[in-house]
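User: Could you take a close look at the aromatic ring pairs here and walk me through them?

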Amino acid sequence: MKPPIFLCLSLAICSSPVLAHAESPADMISSYRVQHGEGRVALDSTLTRIAHEQAAAMAAKDRLDHDVLGGFTSRVSSAGAGRAAENIAYGHDSFPKTLNQWIDSAGHRRNLLLHGASRVGVASVKSSTTGHIYWAMEIAGDYERPALTRGAKQAAIAKPKARTREACRLKILSICL
C-alpha cells in the first residue's frame, strides 16, 4: 500500500531546512525565560537600535567592551526602563550558539532572566578587519515614567497656577500696560 501523496509532500516540506520556520532571538530568549519562571519578551525597536550601535562600535574597534560607546546607563536611557541589562559576545556565527554561551555564564544568564523584563533587542555586526562577529543584547522592563522626587512633588503641588494673560490695552516700548 502506497502512502497518500499529500502525506509524502507534507513530510518533505516540514523536514526541509529551507522551509522550516526559524525562531527569532526574542522567541529563543522567551523560551528560556519561560522555562525558568520568567515572562516572555518582545522585540523592541529602541533596544534593537541600542544593541546594533553597541555591536557596530565593538566591531569597528575590534574590541569586546561594554563601555566602547560610553557607560551602559547613558546608552540605555532612551529605552525608558527602570531596570535593564546588556550581554555582549563575539566569535559565534549564529544567535543560538551565542545564546548558549550566555546561558553557560552565570552573569549573562542572570541578565537573560532579568525579573520583570518584557522587551529585548539583539544585533550582530561583523568586524571588517578580523571577521569576528560581535553580538549585543539589551533587555529591559516596560517603559516607565520618571518618578518625581519628594521635593519635585512638593514643588508641583505648591506651585501657584499661572495667571491668564489679559489683552494689552496700551503698548509703550514693548511694555504692555
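Analyst: Let's start with the rule: rings of Phe, Tyr and Trp (its six-membered ring) pair if their centres lie within 6.5 Å, and planes under 30 degrees apart count as stacked, over 60 as edge-to-face and the rest as tilted. Keep in mind that this is a predicted model, where local features need pLDDT of at least 70, side-chain atom pairs count only at pLDDT 80 or more, and totals for chains, interfaces and linings use all residues. Residues are numbered from 1 along each chain as its sequence is written, and side-chain values use heavy atoms, with hydrogens and water left out.

Searching the whole structure turns up three aromatic pairs. Take Tyr90 and Tyr134: their ring centres sit 5.4 Å apart with planes at 20°, so this pair is stacked. Tyr90 belongs to strand S2 (residues 84–90) and Tyr134 to strand S4 (residues 133–140), so the pair ties together parts 44 residues apart in sequence. Strands here are DSSP runs of E, at least two residues, and helices are runs of H or I, at least four, numbered from the N terminus. Tyr134 is buried, at 2% relative accessible area, while Tyr90 is partly exposed at 37%. Buried means under 20%, exposed over 50%, and partly exposed in between (1.4 Å probe, protein chains only).

Now for Phe95 and Trp135: the centres are 5.8 Å apart and the planes at 55°, so this pair is tilted. Phe95 lies in helix H5 (residues 95–103) and Trp135 in strand S4, so parts 40 residues apart in sequence get tied together. Phe95 and Trp135 are both buried. Ring pairs also bring in Trp102, making a cluster of Phe95, Trp102 and Trp135.
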